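Subject: Structure handover

Hello,

Here is the structure I promised to pass on. Please open it alongside this email; my notes follow below.

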Amino acid sequence: MDYRTKIAIITLLYMRRRRRHRFWVHRQYRRSHSEYYRLVQELRFDDVLFQRYFRLNKTEFDKLLTILAPRITMQNTSFRLAIPPAERLAICLRYLATGDSFTTISYSYRVGVCTVASIVGAVSQAIWECLLDDYMPVPSKQDCSNIAAGFLEQWNFPNCLGSIDGKHVVIQAPPNSGSLFHNYKGTFSLVLLAVVDAKYLFRIIDVGGYGRNSDGGTLANSAFGEALRNGNLDLPDDSVLPGSQHCTPLPHVFVGDEAFPLQRNLLRPFPGCNLSREKRIYNYRLSRARLTVECAFGILTSQWRMYRRLLTVNPAKAEVCVNRGGLYH
């Protein structure tokens with residue numbers, strides 16, 4: 001080995017040592033300079049600012065932490081201390097609330113970019129698994145009857161079980177994906193398909209549809225759409241519409257826009273412009289009932305700004321994050 005090779009090896013080892021030392025210097029001040037240990041602790045004295053920062057108040061944050069702590073707590077090692085569960089939850093909520101890049105959050109919380117990515121994915125998955133049964137259970141027949149009563153009372157549309165629509169969540173184009181995620185708006189996206197009740201609450205969601213598919217195609221490819229098409233949903237029995245006791249009982253239905261197909265339990269508006277008075281009244285009533293899902297998407301994006309940003313993560317992680325946002329709406 002000549003002297004030039006020895007110099008090159010020594011230089012490389014020195015540069016690697018400096019790089020490792022730089023990262024450890026950056027992270028060893030986490031407990032004194034991190035946004036969690038400084039700003040977040042100050043925000044705990046102001047309920048309004050804490051709510052704006054995390055999109056949850058202190059009571060909701062602590063309750064969520066109590067539920068998730070057993071799932072997101074990591075063990076300390078002789079090499080270094082693990083990030084506490086409260087800080088892990090704060091990192092995840094901050095990403096969902098702002099949609100900032102992992103790099104920006106890593107600077108604020110004094111952790112690595114890969115650490116932020118790992119925390120966001122793990123905590124989002126834990127939120128989905130721990131809260132699903134309590135916050136978004138499968139609607140029973142009695143739940144469906146209550147939803148139908150709510151639509152009749154608030155939106156004057158009888159026998160309605162929910163308003164259905166899809167929302168495109170913009171993502172960075174995945175490598176080697178071709179045109180699978182390319183939508184009609186010219187961006188790349190995943191589709192969030194949702195059923196919303198009369199009070200703007202998400203009752204059923206399906207995430208992961210390719211952006212190139214229409215809402216009708218996304219519904220057809222989803223588990224909910226297949227159950228709806230095959231008649232496997234536990235829906236209430238057919239009932240007579242108010243004021244038409246002499247007519248035949250009609251089925252309970254979901255309402256959607258022109259992108260959805262007409263089915264026994266799925267209604268859409270009449271197409272065209274030159275419609276009769278009866279058809280125009282029907283379209284008006286259906287439009288009022290269908291408006292709930294549009295408003296729910298607006299509330300969701302206002303609460304969790306992640307939905308307004310370009311998600312620079314892979315589709316699998318984007319699906320987990322989108323699931324979490326719809327669940328804790």
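A salt bridge here is a side-chain nitrogen of Lys or Arg within 4 Å of a carboxyl oxygen of Asp or Glu. By that rule the count is 10 salt bridges. Keep in mind that the model is predicted.

Salt bridges

Start with aspartate 234 and lysine 141. Their side chains form a salt bridge, 3.7 Å from N to O. Aspartate 234 sits in the loop between helix H11 (223-230) and S4, while lysine 141 is in helix H9 (residues 141-155), so this pair ties together parts 93 residues apart in sequence. Aspartate 234 is partly exposed, at 44% relative accessibility. Lysine 141 is also partly exposed, at 34%.

Next, look at arginine 290. Its side chain meets that of aspartate 165 in a salt bridge of 3.9 Å, N to O. This pair links distant parts of the chain: aspartate 165 belongs to strand S1 and arginine 290 to helix H12 (residues 277-303), 125 residues apart. Both aspartate 165 and arginine 290 are buried.

Arginine 290 has a salt bridge with glutamate 294 as well, at 3.0 Å, N to O. Here both residues lie in helix H12, four residues apart, or about one turn of the helix. Arginine 290 counts as buried because its relative accessibility is 16%, and the cut-off is under 20%. Glutamate 294, at 34%, is partly exposed. Shared partners join Asp165, Asp257, Arg290 and Glu294 into one network of salt bridges.

Strand S1

On which strands does S1 form bridges in the antiparallel sense? Strand S2 (residues 189-196) is joined to S1 that way, by eight bridges. Within S2, valine 195 is the bridge partner of isoleucine 164. S1 also pairs with strand S4 (residues 253-255), in the parallel sense, over three bridges. There, valine 255 is the bridge partner of serine 163.

Lysine 167

What is its nearest side chain of opposite charge? That is glutamate 294, 8.4 Å away. Lysine 167 is buried and has no salt bridge. Beyond its neighbours within four places in sequence, lysine 167 contacts Leu190, Val191, Leu192, Phe297, Thr301 and Tyr307.

Best wishes

How values were computed:
Residues numbered from 1 in each chain as written. Predicted model: local features only at pLDDT ≥ 70, side-chain atom pairs only at ≥ 80, totals over all residues. Heavy atoms only, no water. Pairing = 2+ DSSP bridges. Helix = DSSP H or I, 4+ residues; strand = E, 2+ residues; numbered from the N terminus. Buried < 20%, exposed > 50% of the residue type's maximum accessible area, 1.4 Å probe, protein only. Lys, Arg positive; Asp, Glu negative; His and termini not counted. Contact = heavy atoms within 4.5 Å.
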